[in-house]
There are 2 protein chains.
Amino acid sequence: MSGPPGVEIERKFLPTRLPDGVAAGERLEQGYLAVAPDGTEVRIRRRAGRSTLTVKSGPAQVRVEEELEIDDRRFEALWALTEGRRIAKTRHLVPLGNGLTAEVDVYAEALDGLLTAEVEFGSSEASAAFAPPDWLGAEVTGDARYANQSLALAGIPV
Amino acid sequence: MSGPPGVEIERKFLPTRLPDGVAAGERLEQGYLAVAPDGTEVRIRRRAGRSTLTVKSGPAQVRVEEELEIDDRRFEALWALTEGRRIAKTRHLVPLGNGLTAEVDVYAEALDGLLTAEVEFGSSEASAAFAPPDWLGAEVTGDARYANQSLALAGIPV
């Protein structure tokens, strides 16, 4: 059971804590080099020892996403240019049963104290039928303030 | 005779026409993907069949410039995201005598009608002693409105 290609069906939540017994997560660092007024963004990311530079189109543009691999020296040089536009977080995968998994991100540094959780579904019926456990907290599906770009540039929503 | 490493001594002019008998130039296309408020810029460029993506720090930042080679497919995909932030020009090299050369850029498309010329010198003494020929036109050395980024984003200065 899977949705149409390229369409992600997701719900997003704001847990206030990690559930007990969650396995160690994976550290992810992401910084924005620049974002154009039309939303075109250029970001670098380091995850599991692999560094990439990604250019992504804005919402009103033809959809483009190009990822370039960069080496450690380049990542470090470019990272210096992302100050004030960064996200650092640790991602934990938390099984929810029924084949569902919550990706729980625990933010650090400028966004310390924030947790978000995303659950991806194979169909809109499965998404609608999902009864979130209490620990997932308030739902913020579709709230643009919790997108990575917005968190990096504007910080934790108040 | 050369200046300190990394320092370019240049004067910039606004010719109103190419001098007679100038050889065919080289086409150069450059588009900005995004520019951050601190001046960090990400641009792509195609010149002599070679395409690159360059990230360059802004004026108040530690100096960083990283150039990544990209293939034709990537250049075309990313070019679509630079609409309204492009420069297309043909560069002609015009010998001036005394070992000096003017790089004369004849702009096209959105900047059609504009010509700029840059002359690079080996020392500040040579720069001060240079008597520009009439065809070079008005001098605009140091005028930030004629920098590539500004021309691409704001157009021809009025």
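Hi everyone, let me start with some rings: A:Phe13, A:Phe121 and A:Phe130 make up one aromatic cluster. Please keep in mind throughout that this is a predicted model.

Over all chains, the count comes to 6 aromatic pairs. How are the rings of A:Phe75 and A:Trp79 arranged? Their centres are 5.3 Å apart and their planes sit at 20 degrees; planes under 30 degrees apart count as stacked, so this pair is stacked. If you look for these two residues in the structure, you will find both in helix H1 of chain A, which covers residues 72-79. They are 4 residues apart there, about one turn of the helix. Are they buried or exposed? Both A:Phe75 and A:Trp79 are buried.

Now hop over to chain B for another pair. The ring centres of B:Phe121 and B:Phe130 are also 5.3 Å apart, but their planes are at 55 degrees, so we call that pair tilted. B:Phe121 and B:Phe130 are both buried as well.

Next, how do the two chains relate to each other?

The largest pocket has a volume of about 1,500 Å³. It is lined by 49 residues, and the closest to its centre are A:Glu8, A:Glu10, A:Lys56, A:Glu118 and A:Asn148. By class, that lining holds 21 charged, 15 polar and 13 nonpolar residues.

The second largest pocket comes to about 1,300 Å³. Here 38 residues form the lining, with B:Glu8, B:Glu10, B:Lys56, B:Glu118 and B:Asn148 nearest the centre. Which element gives the largest share of this lining? Strand E8 of chain B does, with 5 residues. Among the other elements of chain B that each supply at least two residues are strand E2 (26-35), strand E6 (86-97) and helix H3 (148-154). The lining of this second pocket divides into 17 charged, 11 polar and 10 nonpolar residues.

Definitions and conventions: Residues are numbered from 1 along each chain as its sequence is written. Chains are lettered from A and ligands numbered from 1 in the order in which they are written. This is a predicted model: local features need pLDDT of at least 70, side-chain atom pairs count only at pLDDT 80 or more; totals for chains, interfaces and linings use all residues. Side-chain values use heavy atoms; hydrogens and water are left out. On a 1 Å grid over the protein atoms alone, a cavity is a set of points where a 1.4 Å probe fits but cannot get out, and a pocket is an open set with protein on both sides within 12 Å along at least five of seven lines; lining residues have an atom within 4 Å of a point. Grid points are joined across faces, edges and corners, and a volume is the space filled by probe spheres set on the points. Ala, Val, Leu, Ile, Met, Phe, Trp, Tyr, Cys and Pro count as nonpolar, Asp, Glu, Lys and Arg as charged, and the others, Gly among them, as polar. Rings of Phe, Tyr and Trp (its six-membered ring) pair if their centres lie within 6.5 Å; planes under 30 degrees apart count as stacked, over 60 as edge-to-face and the rest as tilted. Buried means under 20% relative accessible area, exposed over 50%, partly exposed in between (1.4 Å probe, protein chains only).
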